[in-house]
Amino acid sequence: MTYDTVVIGGGPAGLSAATLLARARRQVVLVDAGNPRNAPADHVHGFLSRDGASPHELLDSGRREALHYGAEILQSNVTRVDDGFTVHLESGTVLNSRSVLVATGLRDELPDIPGVREHWGSGVLHCPYCHGHEVRDQPIAVVGGSNRPFTVHQASLIRQWSRDVVFFTNGIELTDNERIRLDARSVAIVDVPVARLVANGGVVSGVELVDGTVVPRSVVFVGPTFVPNDELLVRIGCTRLENGWVAADPTGRTSMDGLWAAGNVSDSPAQLINSAAAGSRAAIDINHYLLELDVIEAVGAR
Ligand SMILES: Cc1cc2nc3c(=O)[nH]c(=O)nc-3n(C[C@H](O)[C@H](O)[C@H](O)COP(=O)(O)OP(=O)(O)OC[C@H]3O[C@@H](n4cnc5c(N)ncnc54)[C@H](O)[C@@H]3O)c2cc1C
């Protein structure tokens, strides 16, 4: 059979699109590798009406809703999308479809500091809008070294949630102006490079410097490098922007006819609720695109 839409990726962007298209009585299948970006976190925040839910709980209800309206869901990795469209799954299945939505998210490449990966999503965070409120008034570290603009901004920003913020530059050469601005915000600056994070009973308790000093901290913010999972889009020939990210218009349309992108794969700052909204918007545009094909076919048949 030929599907109306294959949705690749089952995070909030993909699930929201699949549900909307199924409700519009389209034949839709969602293929998901099952590795959502926020899986390491215990709770979701900033998603209206779902505050405090676990990431898995949120996706489980999304999957139930999509299935309820008739979407199919397959667990697999998509390895290739060919023109037309033919979608190849790692499981060996090949799907044919009139349109494709890629909602594969992004990867957070973490700074290579011992302890960061182990505590990612609990004692090591990147987004104060997601988890800042939960760590308010605690002794907070912001560790630089990677993603310079993000971490320098973060050092100033996170001061909103705590009076006790230390910025470990960790190799970043701050300009005089940046030092003045951070100092004015009462952010302490430590220029000695970081050796590792220290934990006590599995909970982050400090930042150890290369000279052996341990600065007690209970939370560490870092600046990952955000890498889009856009290999499928790039391989089929989608145009990229100057910053290297795949170009998509506000409805998620890429430069390839019939191919959409939504969520973090084309929009790195998008949070859960924005990604869900982007999936919904793309789905409506996909439905209008399919409608036009349906009308042309019907006219031809006359
Ligand atoms: C630790 C952490 C905590 C966060 N907490 C919050 C929070 O509290 N509130 C908030 O608003 N935001 C939070 N975020 C951000 C949130 O995770 C993203 O905004 C959201 O996940 C983006 O949704 P998405 O659908 O674009 O991608 P994702 O949720 O990452 O979903 C993409 C899906 O596509 C699948 N996939 C990838 N490639 C393929 C392929 N080739 N074939 C098939 N499937 C594929 C993946 O396995 C994954 O299941 C957090 C992020 C992190 C890192």
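**Entry 1. Ground rules**

I noted that the model is predicted: local features need pLDDT of at least 70, side-chain atom pairs count only at pLDDT 80 or more, and totals for chains, interfaces and linings use all residues. Residue numbers start from 1 along each chain as its sequence is written.

**Entry 2. The whole chain**

I looked up the extent of the chain and found that its C-alpha trace spans about 80 × 35 × 35 Å along its principal axes. The secondary structure comes to eight helices and 17 strands; these are DSSP runs numbered from the N terminus, helices being H or I of at least four residues and strands E of at least two.

I then looked up burial. A residue is buried if 20 or more other C-beta atoms lie within 10 Å of its own, exposed if 12 or fewer, and partly exposed in between, with C-beta atoms placed from the backbone. Of the 302 residues, 39% count as buried.

For contacts, the rule is that the C-beta atoms of two residues, placed from the backbone, lie within 7 Å. Among contacts between residues at least 6 apart in sequence, 63% join residues at least 24 apart.

**Entry 3. Two domains**

I found the chain divided into domain 1 (2-108 + 225-301) and domain 2 (111-222), with bounds that come from an automatic or database domain assignment. The centres of the two domains, taken over C-alpha atoms, are separated by 34 Å. Eight residues of domain 1 are in contact with nine residues of domain 2. On the domain 1 side, the touching residues divide into two nonpolar, four polar and two charged. In this count Ala, Val, Leu, Ile, Met, Phe, Trp, Tyr, Cys and Pro are nonpolar, Asp, Glu, Lys and Arg are charged, and the others, Gly among them, are polar.

I also looked up L110, which is found in the loop between β7 (106-109) and α3 (116-119). L110 counts as partly exposed because 16 C-beta neighbours lie inside 10 Å. Not counting residues up to four places away in sequence, L110 touches V116, R117, W120, V222 and P224. L110 and W120 are ten residues apart in sequence, and their C-alpha atoms are 8.7 Å apart in space.

**Entry 4. The ligand shell**

Of the 38 residues around the ligand, G9, G11, G105, G263 and Q271 come nearest. The shell holds 17 nonpolar, 18 polar and three charged residues. Among the elements, α1 (12-23), β2 (28-32) and α8 (272-301) each supply at least two residues of the shell.

**Entry 5. Nonpolar cores**

In soluble globular proteins, nonpolar side chains tend to be buried together. I defined a core as a set of buried Ala, Val, Leu, Ile, Met, Phe, Trp, Tyr and Cys residues joined through C-beta atoms within 7 Å. The largest core has 46 residues, of which V6, I8, A17, A18 and L101 touch the most other members. Its largest share, seven residues, comes from α1. A second, separate core of 24 residues includes I113, V124, V207 and V220.

**Entry 6. Strands**

I treated two strands as paired if DSSP finds at least two bridges between them. Four bridges join β1 (residues 2-8) to β2, and the two strands run parallel. The partner of V6 in β2 is V29. Five of the five residues of β2 are buried: V28, L30 and D32 point one way, while V29 and V31 point the other way.

An open sheet of five strands has the order β8-β15-β9-β10-β11, with parallel pairing. Its edge strands, β8 (124-125) and β11 (188-190), each pair on one side only. Within this order, four bridges join β9 (residues 140-143) to β15 (residues 219-222), and A141 has V220 as its bridge partner in β15.

Lastly, I looked up N96 in strand β6 (residues 94-102). Is N96 buried or partly exposed? N96 is partly exposed because 13 other C-beta atoms lie within 10 Å.

Definitions and conventions: Near = placed C-beta within 6 Å.
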